[in-house]
Amino acid sequence: MQLYPNLTFDGQCEAAFKFYEECLHGRTVFRMTYEDTPMDLQTPSDWRKKISHATFTHADFTFYSSDAPPGRYQKPQGFALQFNLSDPVEAERIFKALAENGTVQMPLQETFWALRFGVLVDQFGIPWLINCEKPA
C-alpha cells in the first residue's frame, strides 16, 4: 500500500505544477482538463481549461492534484507536506524556492532535533515542513 497526497487548488493547479517543477525538480507526467472529461458540458465555460486531474512525479515521491469545481474549493488545513532531507544545502534550496511569494511561519533553522527545520505555506496555499534531521 502506498499513500499519495492529492492537492486541490482554486483554479491555479497548472501554475502550481509549473512552480513545483522548478522548486522540486520533478515533472508533470499527466494533465487532463475538465473539457477533456465527460463533465465538459456540465462545467462552466470559463472553467473547462482548468485541471480535473494531474500527476506530479519526482524520483522519490508522487502527488496528484486538481482544480476544485467552482464554489467547492476549501483552503488546506490540518495537514502539511513534509520533506525529510539529509542534505542541509538541499533543504535550504527547497525551503527558499517554496517560500517565494508564500508565508514563512518558522524560518529554516537548526533545532534540537534537526540540522534544519522550517515551516511555510507556499503561494498556492499548500503548507510545507522542511526537515533535515541530525545524524543519529
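Predicted model: local features only at pLDDT ≥ 70, side-chain atom pairs only at ≥ 80, totals over all residues.
A search of the whole structure finds 16 aromatic pairs. One of these is formed by Tyr-20 and Phe-124, whose ring centres lie 6.3 Å apart with an angle of 75° between the planes, an edge-to-face arrangement. Tyr-20 belongs to helix 1, which spans residues 13–24, while Phe-124 sits in the loop between strand 7 (114–121) and strand 8 (127–133); the pair therefore ties together parts that are 104 residues apart in sequence. Both Tyr-20 and Phe-124 are buried.

A further edge-to-face pair is made by Phe-61 and Phe-83, with 5.2 Å from centre to centre and 65° between the planes. Here the partners come from two strands: Phe-61 from strand 4 (residues 61–67) and Phe-83 from strand 5 (residues 81–85). The two residues are 22 apart, and their pair links distant parts of the chain. Phe-83 has a relative accessibility of 12% and counts as buried, because the limit for that class is under 20% relative accessible area.

Another ring, that of Trp-47, has Lys-50 over its face, at 5.5 Å from the ring centre.

Strand 4 also contains Ser-65. With a relative accessibility of 1%, Ser-65 counts as buried. The side chain of Ser-65 reaches the backbone oxygen of Leu-7 at 2.9 Å. When neighbours within four places in sequence are left aside, Ser-65 is in contact with Asn-6, Leu-7, Phe-9, Cys-13, Phe-17, Ile-51, Ser-52, His-53 and Ala-54.

Turning to charged side chains, the count of salt bridges comes to seven. Glu-14 forms one with Lys-18, and the closest N and O atoms of this pair are 3.9 Å apart. The separation qualifies because the cut-off for a salt bridge is 4 Å. Both residues lie in helix 1, four residues apart, or about one turn of the helix. Glu-14 is partly exposed, at 31% relative accessibility. A network of salt bridges links Glu-14, Lys-18 and Arg-31.

In a second salt bridge, the side chains of Glu-92 and Arg-116 meet at 2.6 Å, N to O. Glu-92 is located in helix 2 (residues 88–99) and Arg-116 in strand 7, so this bridge ties together parts that are 24 residues apart in sequence. Both partners fall in the partly exposed class, Glu-92 with a relative accessible area of 36% and Arg-116 at 23% relative accessibility.

Lys-134 and Glu-110 form another salt bridge, with 3.3 Å between the closest N and O atoms. Lys-134 lies in the segment after strand 8, and Glu-110 in the loop between strand 6 (103–109) and strand 7. These residues are 24 apart, and the pair links distant parts of the chain. Lys-134 is partly exposed, with a relative accessible area of 31%, whereas Glu-110 is exposed, with a relative accessible area of 52%.

Technical notes:
Residues numbered from 1 in each chain as written. Heavy atoms only, no water. Phe/Tyr/Trp six-rings, centres within 6.5 Å; stacked < 30°, edge-to-face > 60°. Buried < 20%, exposed > 50% of the residue type's maximum accessible area, 1.4 Å probe, protein only. Lys NZ or Arg CZ within 6 Å of the ring centre and 35° of its normal. Polar contact = N/O pair within 3.5 Å; in protein donor to acceptor, adjacent residues only side chain to side chain. Contact = heavy atoms within 4.5 Å.
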